[in-house]
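Trainee: Could we go through this model together? I would like to learn how to read its features one at a time.

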Amino acid sequence: MLVDRRRSARLACKRLAKIQFDYGSLPRDCMITDVSESGVKVFIENCDVPLEFTIIFSTGHSCRCHLGWRNGYEFGAEFIDRSSLATATWHLSSRAA
């Protein structure tokens, strides 16, 4: 039996977002497939994701992230910058369908 070792509950969603690898680089489209208080699961095609990057939510809020795992086009990331995290998570969860 698999044991869920997550620190916080995840909310499934399908929300477009942007990912920016370096300050000043052009953001790329991605899709957030779930979100929690501590991180996100993201889908992005044909992209090497660095260890640290910024997720820009469709609400305009952004959070600095650290890559946790990667499997094909999906990866999980933990939030580093939590200053705007509560607002961004609330906006994502309130619009989830």
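Predicted model: local features only at pLDDT ≥ 70, side-chain atom pairs only at ≥ 80, totals over all residues.

Trainee: In what order do the six strands close into a barrel?

Mentor: Strands of a sheet pair through backbone hydrogen bonds, either parallel or antiparallel. Strands here are DSSP runs (E, at least two residues), numbered from the N terminus, and two of them pair if DSSP finds at least two bridges between them. In this model the barrel order is E1-E2-E3-E6-E5-E4, with antiparallel pairing. From one strand to the next, the twist averages 45°, taken between lines fitted to C-alpha atoms, with angles from 0 to 180 degrees between N-to-C directions.

Trainee: How many bridges join E1 to E2?

Mentor: Seven bridges join E1 (residues 11–20) to E2 (residues 28–35), and Leu16 stands opposite Met31 there. Strand E6 (residues 74–79) is joined to E3 (residues 39–43) by five bridges, with Val40 partnered by Ala77. Six bridges link E6 to E5 (residues 62–71), where Asn71 stands opposite Glu74. The hairpin of E5 and E6 has two residues between the strands, and Gly72 takes a positive phi near 65° in it.

Trainee: Which residues have the most contacts inside the largest nonpolar core?

Mentor: A nonpolar core is a set of buried Ala, Val, Leu, Ile, Met, Phe, Trp, Tyr and Cys residues joined through side-chain atoms within 4.5 Å. Buried means under 20% relative accessible area, exposed over 50%, and partly exposed in between (1.4 Å probe, protein chains only). The largest core here has 21 residues, and those with the most contacts inside it are Ile19, Ile32, Val40, Phe53, Ile55 and Phe75. E1, E2, E3, E4, E5 and E6 each give two or more residues to this core.

Trainee: How many aromatic pairs does the structure hold?

Mentor: Rings of Phe, Tyr and Trp (its six-membered ring) pair if their centres lie within 6.5 Å; planes under 30 degrees apart count as stacked, over 60 as edge-to-face and the rest as tilted. The structure holds three such pairs. In one of them, the ring centres of Phe53 and Phe75 are 5.5 Å apart and the planes lie at 85°, so the pair is edge-to-face. Phe53 lies in E4 (residues 52–57) and Phe75 in E6, so this pair ties together parts that are 22 residues apart in sequence. Phe53 is buried at 0% relative accessibility, and Phe75 is buried at 1%.

Trainee: With which residues is Arg70 in contact, leaving aside its neighbours within four places in sequence?

Mentor: Contact means heavy atoms within 4.5 Å. Arg70 lies in E5 and is partly exposed, at 46% relative accessibility. Its contacts, apart from those neighbours, are Asp48, Val49 and Phe75. A polar atom of the Arg70 side chain lies 3.0 Å from the backbone oxygen of Val49.

Trainee: Is Asn46 buried or exposed?

Mentor: Asn46, in the loop between E3 and E4, is exposed at 59% relative accessibility. Its phi is near 50°, a positive value in a residue other than glycine. By contrast, Ser36, in the loop between E2 and E3, is buried at 2% relative accessibility.

Terms used. Residues numbered from 1 in each chain as written. Heavy atoms only, no water. Helix = DSSP H or I, 4+ residues; strand = E, 2+ residues; numbered from the N terminus. Polar contact = N/O pair within 3.5 Å; in protein donor to acceptor, adjacent residues only side chain to side chain.
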